[in-house]
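Here is a walk through one protein structure. Keep the sequence and the 3D view open as you read.

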Amino acid sequence: SASEKGGWSSFMAKEISEEPDAVANTMRARHHDGQVVIPELEALGDDVLAGIDRITIIACGTAAYAGQVGSYAIEQWARVPVQVELSHEFRYRDPVITPKTLVISISQSGETMDTLMAVKFAREAGATVISVCNTQGATIPRESDAVIYTHAGPEVAVASTKAFVAQITALYLFGLHLARVRGTLSVPEQARQLDELAAIPAKLSKVLESHDSIAQLAKWMADTRAVLFLGRHVGFPIAMEGALKLKELAYIHAEGFAAGELKHGPIALIEPGQPVFVVVPSPRGSDEMHKKVVSNIQEIRARGARVIAIAEQGDAAVLPFADEVIPIPLAAPLFEPLLAVIPLQIFAMELSSAKGLDVDQPRNLAKSVTVE
Ligand code: G6P
């Protein structure tokens with residue numbers, strides 16, 4: 001009903017507006033004096049986390065892209081190899097699992113059958129399983145050794161939004177918890193990363209202010225047949241998530257690519273008028289990576305692509321080549337995905353509604369898929 005939507009046109013619009021709170025609430029009570037301590041992991045024992053030699057993240061759909069973003073931060077901070085796999089692929093390929101394997105499952109609903117079966121399989125094979133879940137008391141958390149709940153609040157719209165940013169937040173907290181236990185980050189460095197995360201909710205509110213201009217863009221593009229998304233490093237899973245959203249909500253063929261892969265194939269798809277969203281990494285992170293993405297933009301622009309850049313506020317290098325720039329506030333490179341995904345969620349939602357489709361209940365999809 002309208003009152004359940006709190007005055008918003010859809011649950012999805014309401015849930016997007018709740019993203020700053022989803023991040024803030026997921027952080028709450030999980031840090032003290034610049035260090036992350038996740039109370040739910042205490043029962044597991046620090047010795048277990050100190051002893052693991054590999055992490056496999058398993059999930060489906062949007063949760064898997066959150067996992068991919070998280071894998072960059074966990075590996076960088078805790079110096080443990082992290083691999084991300086779709087639950088149904090992991091389960092049926094005879095993976096190497098030892099008592100030193102940590103499996104992290106991610107599921108908003110906690111009921112996704114593919115992920116549940118993979119969790120049971122991993123535990124039977126001897127792994128320790130931690131689940132990141134948004135639903136108190138769901139089946140996947142009950143089958144796991146420990147749970148890190150995301151506190152995004154109930155998510156009703158089929159397409160996941162606030163749970164996604166909460167999942168990344170939970171994984172980043174886990175990465176800092178693990179780095180503390182394993183002693184891989186100095187105390188000031190842990191505090192610095194935590195400060196970056198704590199600054200995200202206010203920056204998210206800033207990104208939400210671009211809603212109307214993104215809605216305008218979506219209206220202009222209502223007849224679009226195909227959209228490509230490019231990203232690099234943590235921007236790569238964001239590109240894939242942007243494409244997934246557009247498929248789910250607007251039934252438009254969309255694909256996300258690693259920007260570095262462009263020359264190995266996808267550039268053949270570029271013809272005049274082809275819309276391409278590019279998630280541009282901050283020039284303050286890796287100048288080299290930034291330059292490479294700007295040169296990707298030039299390459300596709302030269303072939304007639306219509307470039308919509310999601311770039312750091314004030315990034316002058318993209319302006320001459322982009323048809324549209326959606327600015328995001330300054331953030332340390334690992335934290336940019338939390339901001340860059342928002343315009344893509346809004347774009348898919350607005351394009352769906354411009355086409356007169358049901359934003360909250362796309363055809364053929366279910367909020368939680370309880371069959372394998
Ligand atoms: C379904 C939904 C997706 C979701 C995926 C995983 O396919 O349509 O939006 O990302 O399941 O759901 P989960 O509850 O496990 O996060």
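**A helix across a sheet**

Helix α14 (residues 336-354) lies across β10, β11 (306-312) and β12. The helix runs at about 135° to β12. Helices here are DSSP runs of H or I with at least four residues, strands are runs of E with at least two, and both are numbered from the N terminus. Contact between two residues requires their C-beta atoms, placed from the backbone, to lie within 7 Å. Angles run from 0 to 180 degrees between N-to-C directions, and axes are lines fitted to C-alpha atoms, for helices over the stretch in contact.

The model is predicted: local features need pLDDT of at least 70, side-chain atom pairs count only at pLDDT 80 or more, and totals for chains, interfaces and linings use all residues. Residues are numbered from 1 along each chain as its sequence is written.

Now the sheet itself. Its five strands follow the order β9-β8-β10-β11-β12. This sheet is open, and its pairing is parallel. Two strands pair if DSSP finds at least two bridges between them. The edges are β9 (253-258) and β12 (324-328), each pairing on one side only. From one strand to the next, the twist averages 20°. Inside the sheet, β8 (residues 226-231) and β10 (residues 275-279) pair in the parallel sense over three bridges. There, L230 stands opposite V278 in β10.

Strands of a sheet pair through backbone hydrogen bonds, either parallel or antiparallel.

Another open sheet has five strands, in the order β4-β3-β5-β6-β7. Here too the pairing is parallel. Its edge strands are β4 (82-86) and β7 (146-149), and each pairs on one side only. The twist averages 20° from one strand to the next. Strand β6 (residues 128-133) runs parallel to β7, joined by four bridges. C133 has Y149 in β7 as its bridge partner.

Helices pack on this sheet as well. Helix α6 (residues 113-124) touches β3 (54-59), β5 (101-107) and β6. Its direction makes about 165° with that of β5. Helix α8 touches β5, β6 and β7, at about 140° to the direction of β6.

Which helix packs with α8 (residues 162-182)? It is α9 (residues 187-198), at an angle of about 170° and with the axes 11 Å apart. The two are therefore roughly antiparallel, a label for angles over 145 degrees, while under 35 counts as roughly parallel, 65 to 115 as roughly perpendicular and the rest as oblique. In α8, T169, Y172, L176, A179 and R180 meet Q190, Q193, L194 and L197 of α9. By class, this contact has five nonpolar, three polar and one charged residues. Ala, Val, Leu, Ile, Met, Phe, Trp, Tyr, Cys and Pro count as nonpolar, Asp, Glu, Lys and Arg as charged, and the others, Gly among them, as polar.

Turn to the ligand. It has 15 residues around it, and G61, S107, Q108, S109 and T112 come nearest. A residue is near if its C-beta atom, placed from the backbone, lies within 6 Å. The shell divides into six nonpolar, nine polar and no charged residues.

Finally, step back. The protein has 14 helices and 12 strands.
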